[in-house]
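Biologist: Can you bring up the model? I'd like to go through it with you.

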Amino acid sequence: DPVTAASSPDDRASALLEDRVRRVFRELPGAVAGQEEPIHQVRVAGRRLRVALPLLARRGVGRAVGRALQVLRKLTRKVGFEIRSKHSKCLGYWTSEIGDLNQVVHLWEYEDFAHRTQTRNALAEDKEWQKQFVVEARKCQLRQESTILIPSDVWPFTPGSGNGIYELRYYRLYPGKVGEWLATFGRGLPARAKYSQPVGVWSSE
C-alpha cells in the first residue's frame, strides 16, 4: 500500500525499510544460484539499504534510535559488561558520532581461536547473560557484525587512556595484498605517529 501524507514519520520509515529489505530478498535466490543480474541487483539493494539506515536515524525515527541506544548503554553498564567480562577481557567500548551513526563498537581479547570458542560456548550456557542482557539488548539492535582481528607486527597494541576520541579505520584491499599493504603502511607509520599514535594495527579474518 502507498504511504499517505497522513502517515507518521515512523510509518514512512518502516515502509522504506521494508521496501529496501524486500528488494534484497526478491533477488536473493537468483544471486545464490550464481546468476549475474540478480547478484548485481542484490548488491545495489544492499547498498541502498545501508544508505537508508543512517538517513532514517537522522529523521523521525532518529529519536527512537537514540532512545534504543540509551537503553543499550544503560543495559550494558548495569548488567551486560559485568557478566560478559567474566569470560574474556574487554579492551574498549565505544559509540559512534561520525560516519555510520547509532553504532556500539566493542573490542574483546582472546588468547586464540580455541579461547574464543570456549568463551562463546560459556556465554551460550550462561543463563544470567542470556536472560538479563541478550533478550533485552536484541530489542535495540538492527543488526550485529563480528570481525576477527589478527594483530600485525607493524605496531604493538598500545591501550589508550580511555579519555580521548578514537577513530576506527578500515581499508578494503585486493585479495593477496594484505602483507604488501602492511609493509607499506609500516614504513609510513613513524611519520604519521608524530601527530597521533595508533592503538593497534590488525588484519581481518
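What follows is a short talk through the chain and a few of its residues.

Biologist: What are we looking at, and how many helices and strands are there in the protein chain?
Modeller: This is a predicted model. The protein chain has six helices and four strands.

Biologist: What pattern do they follow along the sequence?
Modeller: Read along the sequence, the order is α-α-α-β-β-α-α-β-α-β.

Biologist: How much of the chain is buried?
Modeller: Of the 205 residues in the protein chain, 26% are buried. The chain exposes about 15,600 Å², and carbon and sulfur atoms supply 52% of that area.

Biologist: And what share of the contacts comes from residues 24 or more positions apart?
Modeller: Such pairs account for 63% of the contacts with a separation of 6 or more.

Biologist: Switching to His115. Where does it sit, and is it buried or exposed?
Modeller: His115 is in helix H4, which covers residues 113-125. His115 counts as buried because its relative accessibility is 17%, and the cut-off for buried is under 20%.

Biologist: Which residues does His115 touch, leaving out those up to four places away in sequence?
Modeller: His87, Ser88, Glu109 and Tyr110.

Biologist: Now the surface. Which residues make the nonpolar patch of about 370 Å²?
Modeller: Val21, Phe25, Leu28 and Val32 make that patch.

Biologist: Take Val32. Which helix is it in, and why does it count as exposed?
Modeller: Val32 lies in helix H1, residues 9-32. Its relative accessibility is 68%, so Val32 counts as exposed; the cut-off for exposed is over 50%.

Methods:
Residues numbered from 1 in each chain as written. Predicted model: local features only at pLDDT ≥ 70, side-chain atom pairs only at ≥ 80, totals over all residues. Heavy atoms only, no water. Helix = DSSP H or I, 4+ residues; strand = E, 2+ residues; numbered from the N terminus. Buried < 20%, exposed > 50% of the residue type's maximum accessible area, 1.4 Å probe, protein only. Contact = heavy atoms within 4.5 Å. Patch = residues over 30% accessible without salt bridge, like charges linked within 9 Å, V, L, I, M, F, W, Y side chains within 5 Å. Areas by Shrake-Rupley, 256 points an atom, 1.4 Å probe, with all protein chains shown as cover. Salt bridge = Lys/Arg side-chain N within 4 Å of Asp/Glu carboxyl O.
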